[in-house]
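Dear colleague,

I am passing on the structure we spoke of, with some notes on what was found in it. Please look through it alongside the text that follows.

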Amino acid sequence: MAKPEPVNQMKCTFPSCSVNEALARSVAASFAAQLNPTCEEVSDIKCAVSEAVTNAIVHGYRDSIGEIVMVLKLESDRTFTAEIRDRGVGIPNVEEAMRPLFTTDPENERSGMGFTIIENFMDSLRVVSSPGKGTRVIMKKKLSMLPLRK
Ligand SMILES: Nc1ncnc2c1ncn2[C@@H]1O[C@H](COP(=O)(O)OP(=O)(O)OP(=O)(O)O)[C@@H](O)[C@H]1O
Ligand SMILES: [Mg+2]
């Protein structure tokens, strides 16, 4: 089968203020709209993106404000990719952090389910992190076969 080609991509940068969680999910949903997704696919993408952006805000930068970069891509095989990057505290043990119910912040009523939600709503999730340097969360979802909007 032919290698998927890039169809469209965008990059946006915003400070880690909590209002920008809603902004990021709307931007991701608007960008994915050109693939004519189902309502369920849009809702899955919005939830997954907002979990990753919330993590960058509340864990990555904790009580400080830092820069979050979101890169969105579409490929010709109808794969949607979102990458959310922060240059915050980083994650010492990514495998442990990705386990269901693992949280370092139980006192703020966090349930430790963010990464599990992303894994369930998307087809793949990759987390790359180094303590003191930051975190990259890369998620992909192949959308159903509806005609592409030109
Ligand atoms: N961007 C990040 N920077 C630093 N640590 C992170 C980041 N994202 C996740 N983590 C760490 O991974 C843990 C698990 O994240 P996850 O989203 O699964 O759960 P949570 O955020 O603790 O709870 P919930 O998402 O259910 O509110 C977090 O508690 C935190 O320690
Ligand atoms: Mg979370």
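How many helices and strands does the secondary structure of the protein chain come to? There are four helices and five strands, where helices (H or I, at least four residues) and strands (E, at least two) are DSSP runs numbered from the N terminus, and along the sequence they follow the pattern β-α-α-β-β-α-α-β-β. Before going further, please note that this is a predicted model, in which local features need pLDDT of at least 70 and side-chain atom pairs count only at pLDDT 80 or more, while totals for chains, interfaces and linings use all residues. Residues are numbered from 1 along each chain as its sequence is written, chains are lettered from A and ligands numbered from 1 in the order in which they are written, and side-chain values use heavy atoms, with hydrogens and water left out.

On the overall form, a compact globule of 150 residues would have a radius of gyration near 15 Å, and the protein chain, at 15 Å, agrees with this; the radius is taken over C-alpha atoms, and the globule rule is 2.2 Å times the number of residues to the power 0.38. The C-alpha trace spans about 45 × 30 × 25 Å along its principal axes. Of the 150 residues, 42% are buried, a term that means under 20% relative accessible area, with exposed being over 50% and partly exposed in between (1.4 Å probe, protein chains only). Among the contacts (heavy atoms within 4.5 Å) with a separation of 6 or more, 67% are between residues 24 or more positions apart.

Turning to charge, the protein chain has 19 positive and 19 negative side chains, the centres of the two sets lying 8 Å apart; Lys and Arg count as positive and Asp and Glu as negative, with His and the chain ends not counted, and each charge is placed at NZ of Lys, CZ of Arg, CG of Asp or CD of Glu. Side chains of opposite charge can pair when their charged atoms come close. The structure holds five salt bridges, each defined as a side-chain nitrogen of Lys or Arg within 4 Å of a carboxyl oxygen of Asp or Glu.

One of them joins D44 and K141, with the closest N and O atoms 3.4 Å apart. Because D44 lies in helix α2 (residues 39-60) and K141 in strand β5 (residues 134-142), this pair ties together parts that are 97 residues apart in sequence. Both D44 and K141 are buried.

Another salt bridge pairs E83 with R85, at 2.9 Å between the closest N and O atoms. E83 counts as buried because its relative accessibility is 10%, whereas R85, with a relative accessible area of 29%, is partly exposed. E83, R85 and R136 are linked in a network of salt bridges.

D105 and R110 also form a salt bridge, their closest N and O atoms being 3.6 Å apart; D105 is buried at 11% relative accessibility, and R110 is partly exposed at 32%.

Two further places may interest you. In helix α4 (residues 114-121), G114, F115, T116 and I118 are buried, and the buried residues of α4 pack against α2, α3 (94-97), β4 (124-130) and β5. G132, in the loop between β4 and β5, counts as exposed at 64% relative accessibility, and, leaving aside residues up to four places away in sequence, G132 touches G88, V89 and G90.
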